[in-house]
Amino acid sequence: MSSILTQCGDGVLTVTLNRPEKLNALTGEMLAQLYEALAAAENDDSVRALLLTGAGRGFCAGQDLQAQNLATAGQEPNLGEVLDSQYNPVLRKMTGMRKPLVCAVNGVAAGAGANLPLACDIVFAAKSAKFIQAFAKIGLIPDAGGTWHLPHILGLPRAKALTLLNEPLSARKAAEWGLIWKAVDDDELMAEAGAAARELARGPTFGLGLSKHAMHRAMSASLDEQLDTERDLQQRAGRTPDHAESMRAFIEKRTPRFSGKPS
Ligand code: LHQ
(Lines give C-alpha, C1' and ligand atoms only; values in the text may rest on other atoms or scores of the structure.)
Protein backbone atom coordinates (compact mmCIF):
# COMPACT_ATOMS: atom_id res chain seq x y z
CA MET A 1 0.00 0.00 0.00
CA SER A 2 1.18 3.52 -0.80
CA SER A 3 2.54 5.56 2.10
CA ILE A 4 0.84 8.67 0.67
CA LEU A 5 -2.86 8.52 -0.20
CA THR A 6 -4.58 11.12 -2.38
CA GLN A 7 -8.27 11.70 -2.90
CA CYS A 8 -9.91 14.50 -4.89
CA GLY A 9 -13.43 15.88 -4.43
CA ASP A 10 -15.13 19.32 -4.55
CA GLY A 11 -11.89 20.87 -5.84
CA VAL A 12 -9.92 19.68 -2.78
CA LEU A 13 -7.05 17.19 -2.96
CA THR A 14 -6.73 15.42 0.37
CA VAL A 15 -3.20 14.11 0.92
CA THR A 16 -2.89 11.58 3.74
CA LEU A 17 0.39 10.43 5.30
CA ASN A 18 -0.23 6.70 5.49
CA ARG A 19 2.05 4.63 7.75
CA PRO A 20 -0.26 4.61 10.75
CA GLU A 21 1.54 1.74 12.51
CA LYS A 22 4.68 3.99 12.68
CA LEU A 23 2.73 7.19 13.43
CA ASN A 24 3.37 8.17 9.79
CA ALA A 25 7.14 8.47 10.34
CA LEU A 26 8.73 9.75 7.14
CA THR A 27 10.90 7.68 4.81
CA GLY A 28 12.71 8.87 1.70
CA GLU A 29 10.18 7.04 -0.46
CA MET A 30 7.30 8.70 1.38
CA LEU A 31 8.82 12.17 0.98
CA ALA A 32 9.33 11.52 -2.73
CA GLN A 33 5.66 10.48 -3.04
CA LEU A 34 4.56 13.55 -1.09
CA TYR A 35 6.60 15.77 -3.41
CA GLU A 36 5.04 14.11 -6.48
CA ALA A 37 1.51 14.53 -5.10
CA LEU A 38 2.12 18.24 -4.40
CA ALA A 39 3.74 18.84 -7.80
CA ALA A 40 0.88 17.08 -9.61
CA ALA A 41 -1.70 19.11 -7.65
CA GLU A 42 0.04 22.33 -8.56
CA ASN A 43 -0.41 21.60 -12.28
CA ASP A 44 -3.93 20.17 -12.08
CA ASP A 45 -6.63 22.81 -12.67
CA SER A 46 -9.28 20.61 -11.03
CA VAL A 47 -7.39 20.93 -7.72
CA ARG A 48 -8.15 24.35 -6.21
CA ALA A 49 -7.06 23.65 -2.60
CA LEU A 50 -5.20 20.94 -0.67
CA LEU A 51 -5.74 19.29 2.71
CA LEU A 52 -2.84 17.48 4.41
CA THR A 53 -3.52 15.03 7.24
CA GLY A 54 -2.33 11.73 8.75
CA ALA A 55 -3.87 8.27 8.95
CA GLY A 56 -4.48 6.66 12.34
CA ARG A 57 -3.81 8.10 15.78
CA GLY A 58 -0.78 10.26 14.88
CA PHE A 59 -0.16 13.04 12.37
CA CYS A 60 3.56 12.38 11.85
CA ALA A 61 6.43 11.27 14.13
CA GLY A 62 9.06 12.94 11.92
CA GLN A 63 11.93 11.14 10.24
CA ASP A 64 11.69 7.34 10.43
CA LEU A 65 14.59 6.72 12.78
CA GLN A 66 14.81 3.09 11.66
CA ALA A 67 14.90 3.89 7.93
CA GLN A 68 17.55 2.09 5.91
CA ASN A 69 18.37 5.17 3.88
CA LEU A 70 19.40 7.27 6.90
CA ALA A 71 22.88 5.91 7.45
CA THR A 72 25.02 3.39 5.68
CA ALA A 73 26.70 0.97 8.10
CA GLY A 74 30.23 2.01 9.00
CA GLN A 75 29.90 5.49 7.49
CA GLU A 76 29.26 8.93 9.01
CA PRO A 77 25.58 9.96 8.71
CA ASN A 78 25.02 12.40 5.86
CA LEU A 79 21.97 14.24 7.20
CA GLY A 80 22.69 17.37 5.15
CA GLU A 81 22.30 15.27 2.03
CA VAL A 82 19.03 13.76 3.39
CA LEU A 83 17.66 17.27 3.95
CA ASP A 84 18.86 18.50 0.58
CA SER A 85 17.48 15.64 -1.45
CA GLN A 86 14.40 14.53 0.52
CA TYR A 87 13.05 17.21 2.88
CA ASN A 88 13.90 20.60 1.43
CA PRO A 89 12.27 19.98 -1.98
CA VAL A 90 9.01 19.10 -0.16
CA LEU A 91 9.26 22.17 2.10
CA ARG A 92 9.94 24.43 -0.88
CA LYS A 93 7.04 22.89 -2.79
CA MET A 94 4.70 23.42 0.18
CA THR A 95 5.68 27.01 0.91
CA GLY A 96 5.76 27.94 -2.79
CA MET A 97 2.37 26.30 -3.50
CA ARG A 98 0.15 28.80 -5.31
CA LYS A 99 -3.03 27.10 -4.05
CA PRO A 100 -4.35 27.22 -0.46
CA LEU A 101 -2.91 24.43 1.70
CA VAL A 102 -4.88 23.42 4.81
CA CYS A 103 -3.49 21.02 7.41
CA ALA A 104 -5.49 18.83 9.81
CA VAL A 105 -3.18 17.65 12.60
CA ASN A 106 -5.03 14.57 13.81
CA GLY A 107 -2.64 13.47 16.57
CA VAL A 108 0.93 13.69 17.77
CA ALA A 109 3.28 15.71 15.53
CA ALA A 110 6.98 15.25 16.36
CA GLY A 111 10.32 16.28 14.86
CA ALA A 112 9.97 17.12 11.17
CA GLY A 113 6.33 16.08 11.60
CA ALA A 114 5.78 19.02 13.96
CA ASN A 115 7.24 21.42 11.42
CA LEU A 116 5.43 20.27 8.25
CA PRO A 117 2.16 21.91 9.42
CA LEU A 118 3.98 25.23 9.86
CA ALA A 119 4.64 25.25 6.11
CA CYS A 120 0.87 25.07 5.45
CA ASP A 121 -1.42 28.10 5.20
CA ILE A 122 -4.17 27.25 7.69
CA VAL A 123 -3.65 24.64 10.41
CA PHE A 124 -6.40 22.95 12.40
CA ALA A 125 -5.41 20.50 15.14
CA ALA A 126 -7.38 18.00 17.18
CA LYS A 127 -7.45 19.05 20.84
CA SER A 128 -5.69 15.78 21.73
CA ALA A 129 -2.80 16.54 19.33
CA LYS A 130 0.63 17.58 20.63
CA PHE A 131 3.52 19.29 18.89
CA ILE A 132 6.92 17.99 20.04
CA GLN A 133 10.12 19.37 18.53
CA ALA A 134 11.91 16.15 19.65
CA PHE A 135 15.23 17.13 18.03
CA ALA A 136 17.03 18.09 21.25
CA LYS A 137 16.51 14.57 22.57
CA ILE A 138 18.57 13.13 19.71
CA GLY A 139 21.17 15.89 19.45
CA LEU A 140 19.81 17.41 16.24
CA ILE A 141 18.48 20.83 15.29
CA PRO A 142 14.91 21.53 14.12
CA ASP A 143 14.63 20.98 10.38
CA ALA A 144 11.80 20.90 7.84
CA GLY A 145 11.78 24.70 8.12
CA GLY A 146 11.47 24.69 11.93
CA THR A 147 14.34 27.07 12.65
CA TRP A 148 12.69 29.60 10.33
CA HIS A 149 9.01 29.19 11.14
CA LEU A 150 9.28 28.87 14.92
CA PRO A 151 11.10 32.17 15.63
CA HIS A 152 9.19 34.03 12.91
CA ILE A 153 5.82 32.91 14.28
CA LEU A 154 6.49 32.66 18.01
CA GLY A 155 9.46 34.99 18.57
CA LEU A 156 12.84 33.81 19.84
CA PRO A 157 12.01 33.17 23.55
CA ARG A 158 9.23 30.67 22.89
CA ALA A 159 10.95 29.17 19.84
CA LYS A 160 14.14 28.49 21.77
CA ALA A 161 12.44 27.15 24.90
CA LEU A 162 10.24 24.80 22.86
CA THR A 163 13.27 23.49 20.99
CA LEU A 164 15.78 23.22 23.82
CA LEU A 165 13.45 21.97 26.56
CA ASN A 166 11.64 19.63 24.17
CA GLU A 167 8.32 20.19 25.98
CA PRO A 168 5.21 18.95 24.18
CA LEU A 169 2.96 21.85 23.14
CA SER A 170 -0.75 21.11 23.31
CA ALA A 171 -3.00 22.01 20.38
CA ARG A 172 -4.85 24.53 22.59
CA LYS A 173 -1.62 26.30 23.55
CA ALA A 174 -0.39 26.20 19.94
CA ALA A 175 -3.58 28.02 18.93
CA GLU A 176 -3.27 30.45 21.86
CA TRP A 177 0.31 31.25 20.78
CA GLY A 178 -0.69 31.72 17.13
CA LEU A 179 1.35 28.75 15.90
CA ILE A 180 -1.79 27.24 14.38
CA TRP A 181 -5.21 28.61 13.42
CA LYS A 182 -7.55 26.51 15.60
CA ALA A 183 -7.72 23.61 18.05
CA VAL A 184 -10.99 21.71 17.53
CA ASP A 185 -12.72 18.75 19.15
CA ASP A 186 -11.17 15.53 17.88
CA ASP A 187 -14.36 14.23 16.28
CA GLU A 188 -14.91 17.53 14.45
CA LEU A 189 -11.39 17.91 13.05
CA MET A 190 -11.89 16.50 9.56
CA ALA A 191 -15.33 18.13 9.14
CA GLU A 192 -13.99 21.57 10.10
CA ALA A 193 -10.72 21.36 8.18
CA GLY A 194 -12.53 19.83 5.18
CA ALA A 195 -15.17 22.59 5.19
CA ALA A 196 -12.44 25.25 5.24
CA ALA A 197 -10.60 23.56 2.35
CA ARG A 198 -13.83 23.29 0.29
CA GLU A 199 -14.66 26.93 1.00
CA LEU A 200 -11.19 27.97 -0.20
CA ALA A 201 -11.54 25.75 -3.30
CA ARG A 202 -14.72 27.63 -4.28
CA GLY A 203 -12.92 30.96 -3.86
CA PRO A 204 -10.80 33.16 -6.16
CA THR A 205 -7.85 30.80 -5.74
CA PHE A 206 -5.46 32.63 -8.06
CA GLY A 207 -5.94 35.80 -5.99
CA LEU A 208 -5.60 33.81 -2.77
CA GLY A 209 -2.27 32.52 -4.07
CA LEU A 210 -1.13 36.11 -4.71
CA SER A 211 -2.10 37.04 -1.12
CA LYS A 212 0.06 34.18 0.19
CA HIS A 213 2.93 35.25 -2.02
CA ALA A 214 2.71 38.85 -0.78
CA MET A 215 2.77 37.76 2.87
CA HIS A 216 5.69 35.39 2.37
CA ARG A 217 7.65 38.23 0.79
CA ALA A 218 6.77 40.51 3.70
CA MET A 219 8.70 38.23 6.07
CA SER A 220 11.98 39.55 4.66
CA ALA A 221 10.98 42.98 3.30
CA SER A 222 10.84 46.56 4.58
CA LEU A 223 7.47 48.35 4.58
CA ASP A 224 8.69 50.42 1.65
CA GLU A 225 9.55 47.32 -0.38
CA GLN A 226 6.29 45.69 0.62
CA LEU A 227 4.23 48.64 -0.64
CA ASP A 228 5.82 48.06 -4.06
CA THR A 229 5.00 44.34 -3.83
CA GLU A 230 1.37 45.19 -3.02
CA ARG A 231 1.21 47.55 -5.98
CA ASP A 232 2.53 44.88 -8.37
CA LEU A 233 0.45 42.00 -7.09
CA GLN A 234 -2.76 44.06 -6.81
CA GLN A 235 -2.24 45.12 -10.41
CA ARG A 236 -2.12 41.43 -11.31
CA ALA A 237 -5.12 40.49 -9.11
CA GLY A 238 -7.19 43.35 -10.55
CA ARG A 239 -6.90 41.80 -14.01
CA THR A 240 -8.14 38.32 -13.12
CA PRO A 241 -11.51 37.02 -14.32
CA ASP A 242 -12.41 36.36 -10.68
CA HIS A 243 -12.10 40.04 -9.76
CA ALA A 244 -14.27 41.01 -12.76
CA GLU A 245 -16.82 38.33 -11.81
CA SER A 246 -16.97 39.53 -8.20
CA MET A 247 -17.61 43.10 -9.39
CA ARG A 248 -20.46 41.93 -11.65
CA ALA A 249 -21.90 39.77 -8.86
CA PHE A 250 -21.81 42.71 -6.45
CA ILE A 251 -23.78 44.92 -8.84
CA GLU A 252 -26.22 42.10 -9.71
CA LYS A 253 -26.60 41.24 -5.99
CA ARG A 254 -25.71 37.56 -6.43
CA THR A 255 -23.06 35.12 -5.22
CA PRO A 256 -19.94 35.20 -7.45
CA ARG A 257 -18.85 32.06 -9.30
CA PHE A 258 -15.05 31.94 -9.14
CA SER A 259 -12.88 29.99 -11.59
CA GLY A 260 -9.46 30.44 -9.97
CA LYS A 261 -8.05 31.14 -13.43
CA PRO A 262 -5.19 33.64 -13.85
CA SER A 263 -6.64 35.15 -17.05
C1 LHQ B 1 8.63 5.46 14.97
C2 LHQ B 1 8.95 6.83 15.09
C3 LHQ B 1 9.99 7.34 14.29
C4 LHQ B 1 10.28 5.20 13.42
C5 LHQ B 1 7.35 6.41 16.44
N6 LHQ B 1 10.63 6.49 13.47
N7 LHQ B 1 9.30 4.66 14.14
C8 LHQ B 1 16.13 13.61 11.29
C9 LHQ B 1 17.20 12.88 10.75
C10 LHQ B 1 17.57 12.96 9.43
C11 LHQ B 1 17.23 13.77 8.56
C12 LHQ B 1 16.14 14.56 8.55
O13 LHQ B 1 15.45 15.00 9.61
C14 LHQ B 1 15.30 14.47 10.75
C15 LHQ B 1 14.17 15.05 11.35
C16 LHQ B 1 13.40 14.42 12.44
O17 LHQ B 1 12.23 14.30 12.30
S18 LHQ B 1 14.26 13.92 13.81
C19 LHQ B 1 12.99 13.54 14.94
C20 LHQ B 1 12.44 12.13 14.70
N21 LHQ B 1 11.32 11.86 15.54
C22 LHQ B 1 11.42 11.60 16.85
O23 LHQ B 1 12.45 11.67 17.48
C24 LHQ B 1 10.15 11.17 17.53
C25 LHQ B 1 10.26 9.72 17.95
N26 LHQ B 1 8.98 9.23 18.44
C27 LHQ B 1 8.54 9.53 19.67
O28 LHQ B 1 9.15 10.23 20.44
C29 LHQ B 1 7.22 8.92 20.07
O30 LHQ B 1 6.96 7.84 19.22
C31 LHQ B 1 6.05 9.92 19.98
C32 LHQ B 1 6.19 10.97 21.10
C33 LHQ B 1 5.97 10.62 18.63
C34 LHQ B 1 4.72 9.16 20.19
O35 LHQ B 1 4.82 8.35 21.35
P36 LHQ B 1 3.72 7.22 21.61
O37 LHQ B 1 2.36 7.78 21.38
O38 LHQ B 1 4.02 6.65 22.94
O39 LHQ B 1 3.94 6.13 20.46
P40 LHQ B 1 5.12 5.05 20.35
O41 LHQ B 1 6.41 5.66 20.75
O42 LHQ B 1 4.71 3.79 21.01
O43 LHQ B 1 5.18 4.81 18.74
C44 LHQ B 1 4.26 3.94 18.08
C45 LHQ B 1 5.04 3.18 17.02
O46 LHQ B 1 5.58 4.12 16.08
C47 LHQ B 1 6.23 2.42 17.60
O48 LHQ B 1 6.42 1.29 16.79
P49 LHQ B 1 6.22 -0.20 17.40
O50 LHQ B 1 6.52 -1.11 16.27
O51 LHQ B 1 7.14 -0.31 18.56
O52 LHQ B 1 4.76 -0.22 17.82
C53 LHQ B 1 7.37 3.37 17.38
O54 LHQ B 1 8.63 2.72 17.32
C55 LHQ B 1 7.01 3.96 16.03
N56 LHQ B 1 7.63 5.25 15.83
N57 LHQ B 1 8.13 7.38 16.02
N58 LHQ B 1 10.34 8.64 14.30
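Visitor: Helices are DSSP runs of H or I with at least four residues, strands are runs of E with at least two, and both are numbered from the N terminus. What kind of model is this?
Guide: This is a predicted model, where local features need pLDDT of at least 70 and side-chain atom pairs count only at pLDDT 80 or more, while totals for chains, interfaces and linings use all residues. Residues are numbered from 1 along each chain as its sequence is written, and side-chain values use heavy atoms, with hydrogens and water left out.

Visitor: Great, pockets then. What volume does the largest pocket have?
Guide: About 670 Å³. On a 1 Å grid over the protein atoms alone, a pocket is an open set of points with protein on both sides within 12 Å along at least five of seven lines, a cavity is a set where a 1.4 Å probe fits but cannot get out, and lining residues have an atom within 4 Å of a point. The points are joined across faces, edges and corners, and the volume is the space filled by probe spheres set on them.

Visitor: Which residues lie nearest its centre?
Guide: Cys120, Asp121, Ile122, Met215 and His216, out of 23 lining residues. Helix α8 gives the largest share of that lining, five residues; β7, α4 (146-154) and α8 each supply at least two.

Visitor: And how many of the lining residues are charged?
Guide: Two are charged, next to 15 nonpolar and six polar ones. Here Ala, Val, Leu, Ile, Met, Phe, Trp, Tyr, Cys and Pro count as nonpolar, Asp, Glu, Lys and Arg as charged, and the others, Gly among them, as polar.

Visitor: What about the second largest pocket, which residues sit nearest the centre there?
Guide: Gln63, Leu65, Phe135, Ile138 and Leu140, from a lining of 22 residues. That pocket has a volume of about 490 Å³, and α2 brings the largest share of its lining, four residues.

Visitor: How many cavities of 30 Å³ or more does a search find?
Guide: One, in the whole structure. The volume of the largest cavity is about 40 Å³, and its lining has eight nonpolar, two polar and no charged residues. Among the lining residues are Asn115, Phe131, Gln133 and Leu150.

Visitor: Back to α8. What is buried there?
Guide: Thr205, Gly209, Leu210, Lys212 and Ala214. Buried means under 20% relative accessible area, exposed means over 50%, and partly exposed is in between (1.4 Å probe, protein chains only). These buried residues of α8 pack against β5 (101-105), α7, α9 (223-237) and α10.

Visitor: How many salt bridges does the rule give?
Guide: Eleven. In another one, Lys127 and Asp185 have their closest N and O atoms 3.0 Å apart. Lys127 sits in the loop between β7 and β8, and Asp185 in the loop between β10 (182-184) and α7 (189-201), so this pair ties together parts 58 residues apart in sequence.

Visitor: Which residues form a network of salt bridges?
Guide: Glu245, Arg248, Glu252 and Arg254. Within it, Arg248 and Glu245 meet at 3.2 Å, N to O. Both lie in helix α10 (residues 241-251), three residues apart, about one turn of the helix. Glu245 is buried at 7%, and Arg248 is partly exposed at 42%.

Visitor: Last topic: α1. How many residues does it have?
Guide: Helix α1 (residues 28-42) has 15, and reaches 21 Å between its first and last C-alpha atoms, close to the 21 Å expected at 1.5 Å a residue. The expected span is 1.5 Å times one less than the number of residues.

Visitor: What do its buried residues pack against?
Guide: Strands β1 (4-9), β2 (12-17) and β3 (49-54), and helix α2 (79-96). Contact means heavy atoms within 4.5 Å. The buried set of α1 includes Met30, Leu31, Leu34 and Leu38.

Key
A salt bridge is a side-chain nitrogen of Lys or Arg within 4 Å of a carboxyl oxygen of Asp or Glu.
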